Amino acid sequence: MKTPGILTQLRSFDRSVQLLLLNQFTINLGFYMLMPYLAQHLSGELALAGWLVGLILGMRNFSQQGMFLLGGALADRFGYKPLIVAGCTLRTVGFAALGFVDSVPGLLAASAATGFAGALFNPAVRAYLARDAGERRIEAFALFNVFYQAGILAGPLIGLALTGVDFRLTCLVAAAVFAALTLVQLRSLPAAHGPDHGEKDSITGQWRQLVTNRPFLLFAAAMSSSYVLSFQVYLALPMTLEAAAPGERLATIGTSALFAVSGLATILGQTRITAWCRQRWTAHQAISIGLALMGAAFLPLLTPVPGSGLGRAIGAVVPTVLCGLLLAIATMIVYPFEMDTIVALCGNRLVATHYGLYNTLCGIGITAGNLLTGAALDAARRAGVPALPWLALAALGATSALAIHRLGRHHRLRAGLRPQKATLAGRG
(Lines give C-alpha, C1' and ligand atoms only; values in the text may rest on other atoms or scores of the structure.)
Protein backbone atom coordinates (compact mmCIF):
# COMPACT_ATOMS: atom_id res chain seq x y z
CA MET A 1 0.00 0.00 0.00
CA LYS A 2 1.49 3.32 -1.08
CA THR A 3 1.76 6.01 1.58
CA PRO A 4 0.25 9.39 0.55
CA GLY A 5 2.68 12.28 0.21
CA ILE A 6 3.16 14.80 3.01
CA LEU A 7 1.16 17.54 1.26
CA THR A 8 -1.66 15.12 0.44
CA GLN A 9 -1.85 14.03 4.06
CA LEU A 10 -1.70 17.64 5.25
CA ARG A 11 -4.65 18.62 3.03
CA SER A 12 -6.69 15.68 4.33
CA PHE A 13 -6.89 17.21 7.82
CA ASP A 14 -9.10 20.02 9.08
CA ARG A 15 -7.82 23.56 8.67
CA SER A 16 -7.03 23.83 12.39
CA VAL A 17 -4.68 20.83 12.20
CA GLN A 18 -3.01 22.27 9.10
CA LEU A 19 -2.44 25.55 10.93
CA LEU A 20 -1.01 23.80 13.99
CA LEU A 21 1.48 21.88 11.85
CA LEU A 22 2.57 24.99 9.96
CA ASN A 23 2.75 26.87 13.26
CA GLN A 24 5.12 24.25 14.69
CA PHE A 25 7.40 24.56 11.67
CA THR A 26 7.44 28.34 12.14
CA ILE A 27 8.02 28.08 15.90
CA ASN A 28 11.08 25.90 15.35
CA LEU A 29 12.25 28.04 12.42
CA GLY A 30 12.30 31.15 14.61
CA PHE A 31 13.73 29.39 17.65
CA TYR A 32 16.61 27.63 15.88
CA MET A 33 17.33 30.72 13.83
CA LEU A 34 18.56 32.37 17.03
CA MET A 35 19.35 29.93 19.83
CA PRO A 36 22.36 28.08 18.30
CA TYR A 37 24.19 31.42 18.05
CA LEU A 38 23.22 32.92 21.41
CA ALA A 39 26.15 31.41 23.35
CA GLN A 40 28.63 32.80 20.84
CA HIS A 41 27.05 36.26 21.14
CA LEU A 42 27.15 36.17 24.94
CA SER A 43 30.73 34.97 25.22
CA GLY A 44 32.08 36.89 22.21
CA GLU A 45 30.39 40.24 21.63
CA LEU A 46 29.32 40.71 25.27
CA ALA A 47 32.47 39.04 26.70
CA LEU A 48 30.58 37.29 29.52
CA ALA A 49 32.29 34.65 31.63
CA GLY A 50 31.57 31.02 30.80
CA TRP A 51 29.56 30.44 33.96
CA LEU A 52 27.33 33.42 33.16
CA VAL A 53 26.72 32.10 29.65
CA GLY A 54 25.75 28.75 31.15
CA LEU A 55 23.48 30.46 33.68
CA ILE A 56 21.65 32.47 31.03
CA LEU A 57 21.17 29.47 28.74
CA GLY A 58 20.19 27.31 31.70
CA MET A 59 17.57 29.86 32.75
CA ARG A 60 15.74 29.35 29.46
CA ASN A 61 15.70 25.58 29.87
CA PHE A 62 14.68 25.77 33.53
CA SER A 63 11.86 28.23 32.93
CA GLN A 64 10.49 26.04 30.14
CA GLN A 65 10.85 22.57 31.67
CA GLY A 66 9.85 23.75 35.13
CA MET A 67 6.71 25.52 33.92
CA PHE A 68 5.32 22.96 31.46
CA LEU A 69 2.88 21.66 34.06
CA LEU A 70 1.56 25.16 34.78
CA GLY A 71 1.25 25.91 31.07
CA GLY A 72 -0.67 22.71 30.46
CA ALA A 73 -3.02 23.32 33.38
CA LEU A 74 -3.74 26.87 32.18
CA ALA A 75 -4.49 25.55 28.67
CA ASP A 76 -7.02 23.05 30.04
CA ARG A 77 -8.65 25.78 32.15
CA PHE A 78 -8.75 28.70 29.70
CA GLY A 79 -8.59 26.98 26.31
CA TYR A 80 -5.77 26.15 23.93
CA LYS A 81 -5.75 29.21 21.67
CA PRO A 82 -5.14 31.85 24.39
CA LEU A 83 -2.08 29.95 25.67
CA ILE A 84 -0.66 29.48 22.16
CA VAL A 85 -1.09 33.17 21.37
CA ALA A 86 0.30 34.25 24.76
CA GLY A 87 3.35 32.02 24.35
CA CYS A 88 4.17 33.34 20.87
CA THR A 89 3.69 36.93 22.05
CA LEU A 90 6.02 36.40 25.01
CA ARG A 91 8.66 34.81 22.80
CA THR A 92 8.45 37.78 20.43
CA VAL A 93 9.32 40.09 23.32
CA GLY A 94 12.02 37.76 24.69
CA PHE A 95 13.80 37.31 21.36
CA ALA A 96 13.80 41.04 20.63
CA ALA A 97 15.20 41.74 24.10
CA LEU A 98 18.05 39.23 23.66
CA GLY A 99 19.43 41.36 20.84
CA PHE A 100 19.35 44.71 22.62
CA VAL A 101 19.86 43.97 26.32
CA ASP A 102 23.44 43.69 27.55
CA SER A 103 23.05 43.59 31.35
CA VAL A 104 23.05 40.20 33.07
CA PRO A 105 19.69 40.74 34.87
CA GLY A 106 18.11 41.82 31.58
CA LEU A 107 19.52 38.82 29.71
CA LEU A 108 18.32 36.47 32.44
CA ALA A 109 14.82 37.98 32.24
CA ALA A 110 14.76 37.72 28.43
CA SER A 111 16.00 34.13 28.54
CA ALA A 112 13.39 33.22 31.16
CA ALA A 113 10.68 34.82 29.01
CA THR A 114 11.63 32.76 25.94
CA GLY A 115 11.58 29.58 28.05
CA PHE A 116 8.26 30.31 29.77
CA ALA A 117 6.79 31.06 26.33
CA GLY A 118 7.53 27.49 25.30
CA ALA A 119 5.90 26.20 28.47
CA LEU A 120 2.75 28.12 27.56
CA PHE A 121 2.29 26.99 23.97
CA ASN A 122 3.87 23.51 23.78
CA PRO A 123 1.31 21.53 25.84
CA ALA A 124 -1.53 23.55 24.31
CA VAL A 125 -0.41 22.83 20.74
CA ARG A 126 -0.16 19.08 21.36
CA ALA A 127 -3.49 18.88 23.16
CA TYR A 128 -5.18 20.93 20.42
CA LEU A 129 -3.67 18.67 17.74
CA ALA A 130 -4.81 15.53 19.57
CA ARG A 131 -8.31 16.98 19.93
CA ASP A 132 -8.88 17.96 16.31
CA ALA A 133 -7.10 14.96 14.78
CA GLY A 134 -9.53 12.65 16.61
CA GLU A 135 -9.03 9.04 15.59
CA ARG A 136 -6.17 10.09 13.27
CA ARG A 137 -3.94 11.20 16.15
CA ILE A 138 -1.06 8.88 15.25
CA GLU A 139 -1.02 10.10 11.65
CA ALA A 140 -1.24 13.73 12.81
CA PHE A 141 1.66 13.38 15.23
CA ALA A 142 3.76 11.73 12.52
CA LEU A 143 3.21 14.83 10.36
CA PHE A 144 3.88 17.01 13.41
CA ASN A 145 7.35 15.48 13.73
CA VAL A 146 8.03 16.13 10.04
CA PHE A 147 7.23 19.84 10.36
CA TYR A 148 9.08 19.97 13.68
CA GLN A 149 12.29 18.63 12.13
CA ALA A 150 11.94 20.79 9.03
CA GLY A 151 12.00 23.87 11.25
CA ILE A 152 15.09 22.59 13.06
CA LEU A 153 16.85 22.10 9.73
CA ALA A 154 15.93 25.42 8.15
CA GLY A 155 16.30 27.68 11.19
CA PRO A 156 20.08 27.44 11.75
CA LEU A 157 20.81 27.99 8.04
CA ILE A 158 18.85 31.25 8.00
CA GLY A 159 20.30 32.23 11.36
CA LEU A 160 23.84 31.64 10.12
CA ALA A 161 23.34 34.06 7.23
CA LEU A 162 21.72 36.69 9.45
CA THR A 163 24.27 36.38 12.27
CA GLY A 164 27.03 36.86 9.71
CA VAL A 165 25.64 40.38 9.27
CA ASP A 166 24.66 41.17 12.87
CA PHE A 167 23.31 39.12 15.78
CA ARG A 168 20.80 41.88 16.49
CA LEU A 169 19.40 41.36 12.99
CA THR A 170 18.94 37.67 13.81
CA CYS A 171 17.04 38.57 16.98
CA LEU A 172 14.81 41.04 15.16
CA VAL A 173 13.97 38.60 12.36
CA ALA A 174 13.26 35.79 14.85
CA ALA A 175 11.05 38.15 16.85
CA ALA A 176 9.28 39.21 13.65
CA VAL A 177 8.61 35.54 12.83
CA PHE A 178 6.89 35.06 16.18
CA ALA A 179 5.03 38.38 15.88
CA ALA A 180 3.65 37.31 12.49
CA LEU A 181 2.78 33.90 13.90
CA THR A 182 0.89 35.57 16.76
CA LEU A 183 -1.19 37.64 14.35
CA VAL A 184 -1.96 34.64 12.11
CA GLN A 185 -3.14 32.60 15.07
CA LEU A 186 -5.25 35.44 16.46
CA ARG A 187 -7.00 35.76 13.11
CA SER A 188 -7.14 32.22 11.77
CA LEU A 189 -6.83 29.64 14.57
CA PRO A 190 -10.27 28.62 15.86
CA ALA A 191 -10.90 28.71 19.60
CA ALA A 192 -10.68 25.23 21.13
CA HIS A 193 -10.69 23.53 24.50
CA GLY A 194 -10.83 20.05 25.97
CA PRO A 195 -13.99 18.22 27.08
CA ASP A 196 -13.32 19.18 30.71
CA HIS A 197 -13.22 22.93 29.97
CA GLY A 198 -15.27 24.93 32.45
CA GLU A 199 -15.04 22.44 35.29
CA LYS A 200 -14.66 24.15 38.66
CA ASP A 201 -11.77 22.08 39.97
CA SER A 202 -8.73 24.18 40.91
CA ILE A 203 -5.38 23.87 39.16
CA THR A 204 -3.98 22.08 42.22
CA GLY A 205 -6.98 19.77 42.02
CA GLN A 206 -6.08 19.04 38.40
CA TRP A 207 -2.55 18.20 39.48
CA ARG A 208 -3.83 15.82 42.14
CA GLN A 209 -5.69 13.90 39.43
CA LEU A 210 -2.43 13.49 37.54
CA VAL A 211 -0.38 12.17 40.43
CA THR A 212 -3.00 9.51 41.11
CA ASN A 213 -2.90 8.29 37.47
CA ARG A 214 -0.44 5.49 38.13
CA PRO A 215 -0.36 4.05 34.56
CA PHE A 216 0.51 7.49 33.18
CA LEU A 217 3.29 8.01 35.72
CA LEU A 218 4.75 4.57 35.01
CA PHE A 219 4.69 5.28 31.28
CA ALA A 220 6.38 8.68 31.77
CA ALA A 221 9.08 7.13 33.96
CA ALA A 222 9.81 4.43 31.36
CA MET A 223 9.80 6.90 28.47
CA SER A 224 12.10 9.46 30.09
CA SER A 225 15.00 7.21 29.09
CA SER A 226 14.13 7.68 25.42
CA TYR A 227 14.75 11.42 25.78
CA VAL A 228 18.09 10.78 27.44
CA LEU A 229 19.08 8.57 24.50
CA SER A 230 17.85 10.88 21.74
CA PHE A 231 19.46 13.92 23.41
CA GLN A 232 22.91 12.41 22.94
CA VAL A 233 22.80 13.84 19.41
CA TYR A 234 23.46 17.17 21.15
CA LEU A 235 25.86 15.93 23.85
CA ALA A 236 27.78 12.66 23.55
CA LEU A 237 27.98 12.41 19.76
CA PRO A 238 29.45 15.90 19.13
CA MET A 239 31.85 15.36 22.05
CA THR A 240 32.94 12.06 20.53
CA LEU A 241 33.50 13.65 17.13
CA GLU A 242 35.52 16.43 18.74
CA ALA A 243 37.74 13.90 20.52
CA ALA A 244 38.13 11.35 17.72
CA ALA A 245 38.22 13.38 14.49
CA PRO A 246 41.64 14.46 13.18
CA GLY A 247 41.10 18.20 13.23
CA GLU A 248 38.41 20.66 14.28
CA ARG A 249 37.22 21.19 10.70
CA LEU A 250 36.36 17.51 10.23
CA ALA A 251 34.64 17.46 13.62
CA THR A 252 32.49 20.43 12.54
CA ILE A 253 31.66 18.78 9.20
CA GLY A 254 30.81 15.54 10.99
CA THR A 255 28.52 17.32 13.45
CA SER A 256 26.75 19.15 10.61
CA ALA A 257 26.31 15.85 8.76
CA LEU A 258 24.93 14.27 11.93
CA PHE A 259 22.15 16.87 12.23
CA ALA A 260 21.47 16.98 8.50
CA VAL A 261 21.11 13.22 8.17
CA SER A 262 18.85 13.00 11.23
CA GLY A 263 16.58 15.82 10.06
CA LEU A 264 16.35 14.75 6.43
CA ALA A 265 15.65 11.16 7.40
CA THR A 266 12.70 12.31 9.50
CA ILE A 267 11.30 14.59 6.80
CA LEU A 268 11.55 11.90 4.12
CA GLY A 269 10.71 8.82 6.16
CA GLN A 270 8.42 9.66 9.09
CA THR A 271 5.01 9.14 7.49
CA ARG A 272 6.10 5.99 5.66
CA ILE A 273 7.59 4.45 8.80
CA THR A 274 4.49 5.29 10.85
CA ALA A 275 2.17 3.72 8.25
CA TRP A 276 4.38 0.62 8.09
CA CYS A 277 4.41 0.24 11.88
CA ARG A 278 0.64 0.70 12.21
CA GLN A 279 0.04 -2.20 9.85
CA ARG A 280 2.19 -4.57 11.89
CA TRP A 281 2.31 -3.60 15.57
CA THR A 282 0.21 -2.34 18.42
CA ALA A 283 1.18 0.95 20.02
CA HIS A 284 3.14 -0.60 22.89
CA GLN A 285 4.93 -2.98 20.51
CA ALA A 286 6.01 -0.10 18.28
CA ILE A 287 7.24 1.92 21.25
CA SER A 288 9.18 -0.97 22.79
CA ILE A 289 10.79 -1.88 19.44
CA GLY A 290 11.72 1.76 18.87
CA LEU A 291 13.28 2.01 22.33
CA ALA A 292 15.31 -1.14 21.73
CA LEU A 293 16.56 0.38 18.45
CA MET A 294 17.49 3.58 20.31
CA GLY A 295 19.75 1.56 22.57
CA ALA A 296 21.19 -0.45 19.69
CA ALA A 297 21.98 2.80 17.85
CA PHE A 298 25.03 3.27 20.10
CA LEU A 299 26.59 -0.10 19.23
CA PRO A 300 28.35 1.19 16.04
CA LEU A 301 30.37 3.46 18.34
CA LEU A 302 32.06 0.36 19.77
CA THR A 303 34.05 0.09 16.52
CA PRO A 304 37.71 0.97 17.25
CA VAL A 305 38.94 4.15 15.55
CA PRO A 306 42.30 3.81 13.74
CA GLY A 307 45.07 6.01 15.05
CA SER A 308 45.81 8.01 11.90
CA GLY A 309 45.18 8.67 8.23
CA LEU A 310 41.98 8.26 6.25
CA GLY A 311 40.92 5.37 8.47
CA ARG A 312 40.78 7.67 11.48
CA ALA A 313 38.63 10.21 9.64
CA ILE A 314 36.20 7.53 8.45
CA GLY A 315 36.23 5.72 11.79
CA ALA A 316 35.40 8.92 13.65
CA VAL A 317 32.62 10.22 11.42
CA VAL A 318 30.80 7.20 9.95
CA PRO A 319 29.83 5.38 13.19
CA THR A 320 28.70 8.65 14.76
CA VAL A 321 26.52 9.64 11.81
CA LEU A 322 25.15 6.08 11.64
CA CYS A 323 24.26 6.32 15.34
CA GLY A 324 22.42 9.60 14.67
CA LEU A 325 20.53 8.04 11.74
CA LEU A 326 19.43 5.03 13.83
CA LEU A 327 18.32 7.34 16.65
CA ALA A 328 16.25 9.32 14.12
CA ILE A 329 14.62 6.14 12.80
CA ALA A 330 13.90 4.95 16.33
CA THR A 331 12.33 8.29 17.22
CA MET A 332 10.18 8.09 14.08
CA ILE A 333 8.90 4.73 15.28
CA VAL A 334 8.22 5.86 18.84
CA TYR A 335 6.98 9.45 18.72
CA PRO A 336 3.48 9.23 17.13
CA PHE A 337 2.51 6.21 19.27
CA GLU A 338 3.98 7.84 22.37
CA MET A 339 1.88 11.01 21.93
CA ASP A 340 -1.24 8.96 21.24
CA THR A 341 -0.68 6.77 24.31
CA ILE A 342 -0.61 9.83 26.58
CA VAL A 343 -4.10 10.80 25.39
CA ALA A 344 -5.30 7.23 25.99
CA LEU A 345 -3.82 7.13 29.48
CA CYS A 346 -5.54 10.36 30.53
CA GLY A 347 -8.89 9.26 29.10
CA ASN A 348 -9.01 12.38 26.92
CA ARG A 349 -9.30 14.55 30.06
CA LEU A 350 -6.83 17.28 31.11
CA VAL A 351 -4.80 16.42 28.01
CA ALA A 352 -2.66 19.57 28.04
CA THR A 353 -1.93 19.15 31.75
CA HIS A 354 -0.81 15.57 31.15
CA TYR A 355 1.43 16.68 28.27
CA GLY A 356 2.84 19.39 30.54
CA LEU A 357 3.71 17.01 33.36
CA TYR A 358 5.07 14.49 30.87
CA ASN A 359 7.44 17.10 29.41
CA THR A 360 8.56 18.16 32.88
CA LEU A 361 9.30 14.58 33.96
CA CYS A 362 11.19 13.89 30.74
CA GLY A 363 13.11 17.16 31.18
CA ILE A 364 14.21 16.02 34.63
CA GLY A 365 15.28 12.73 33.08
CA ILE A 366 17.30 14.52 30.40
CA THR A 367 19.10 16.62 33.01
CA ALA A 368 19.97 13.63 35.18
CA GLY A 369 20.86 11.50 32.16
CA ASN A 370 23.14 14.14 30.69
CA LEU A 371 25.00 14.55 33.98
CA LEU A 372 25.53 10.80 34.21
CA THR A 373 26.48 10.48 30.53
CA GLY A 374 29.00 13.29 30.78
CA ALA A 375 30.49 11.75 33.91
CA ALA A 376 30.62 8.33 32.21
CA LEU A 377 32.41 9.77 29.18
CA ASP A 378 35.04 11.39 31.41
CA ALA A 379 35.45 8.29 33.56
CA ALA A 380 35.72 5.99 30.53
CA ARG A 381 38.39 8.23 29.00
CA ARG A 382 40.43 8.25 32.20
CA ALA A 383 40.10 4.51 32.70
CA GLY A 384 40.87 3.67 29.09
CA VAL A 385 37.50 1.91 28.60
CA PRO A 386 35.84 3.95 25.81
CA ALA A 387 33.12 1.33 25.24
CA LEU A 388 31.58 1.79 28.69
CA PRO A 389 29.24 4.76 27.97
CA TRP A 390 27.91 3.20 24.76
CA LEU A 391 27.22 -0.13 26.45
CA ALA A 392 25.44 1.70 29.28
CA LEU A 393 23.27 3.66 26.84
CA ALA A 394 22.46 0.50 24.90
CA ALA A 395 21.45 -1.20 28.16
CA LEU A 396 19.28 1.81 29.06
CA GLY A 397 17.39 1.45 25.77
CA ALA A 398 16.91 -2.28 26.30
CA THR A 399 15.67 -1.73 29.86
CA SER A 400 13.17 0.92 28.76
CA ALA A 401 11.94 -1.32 25.93
CA LEU A 402 11.39 -4.14 28.39
CA ALA A 403 9.52 -1.83 30.78
CA ILE A 404 7.12 -0.66 28.05
CA HIS A 405 6.67 -4.22 26.82
CA ARG A 406 5.69 -5.35 30.31
CA LEU A 407 3.33 -2.41 30.81
CA GLY A 408 1.63 -3.17 27.49
CA ARG A 409 1.53 -6.90 28.09
CA HIS A 410 -0.22 -6.41 31.42
CA HIS A 411 -2.59 -3.81 29.90
CA ARG A 412 -1.20 -1.03 32.08
CA LEU A 413 -1.08 1.32 29.09
CA ARG A 414 -4.87 1.33 28.88
CA ALA A 415 -5.73 1.42 32.56
CA GLY A 416 -6.43 5.15 32.62
CA LEU A 417 -8.58 5.13 29.49
CA ARG A 418 -12.10 6.53 29.71
CA PRO A 419 -14.63 6.60 26.88
CA GLN A 420 -14.25 9.58 24.56
CA LYS A 421 -17.20 11.77 23.74
CA ALA A 422 -18.58 10.96 20.31
CA THR A 423 -18.39 14.59 19.21
CA LEU A 424 -14.66 14.64 19.80
CA ALA A 425 -13.86 11.21 18.42
CA GLY A 426 -15.53 12.10 15.15
CA ARG A 427 -13.44 15.15 14.41
CA GLY A 428 -11.05 14.67 11.51
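1. Start with Arg-136. In this predicted model, Arg-136 is partly exposed, at 24% relative accessibility. Its partner is Glu-139: the two side chains form a salt bridge, with N and O 2.6 Å apart. Glu-139 has a relative accessible area of 18%, so it counts as buried. The cut-off for buried is under 20%.

2. Next, look at Asp-132. Is it buried or exposed? Asp-132 is buried, because its relative accessibility is 1%. Asp-132 pairs with Arg-131 in a salt bridge. Their closest N and O atoms lie 2.3 Å apart. Arg-131 is also buried, with 18% relative accessibility.

3. Now move to Arg-381. Which residue does its side chain meet in a salt bridge? The partner is Asp-378, with an N to O distance of 3.3 Å. Both residues sit in helix α16, which covers residues 351-383. They are 3 residues apart there, so about one helical turn separates them. Asp-378 is partly exposed, and its relative accessible area is 32%.

4. Why can such pairs form at all? Side chains of opposite charge can pair when their charged atoms come close. The Arg-381 and Asp-378 pair, at 3.3 Å, is one example.

5. Finally, the total. How many salt bridges does a search of the whole structure find? The search finds 4. Among them are Arg-131 with Asp-132, Arg-136 with Glu-139, and Asp-378 with Arg-381.

Key:
Residues are numbered from 1 along each chain as its sequence is written. This is a predicted model: local features need pLDDT of at least 70, side-chain atom pairs count only at pLDDT 80 or more; totals for chains, interfaces and linings use all residues. Side-chain values use heavy atoms; hydrogens and water are left out. Buried means under 20% relative accessible area, exposed over 50%, partly exposed in between (1.4 Å probe, protein chains only). Helices (H or I, at least four residues) and strands (E, at least two) are DSSP runs, numbered from the N terminus.
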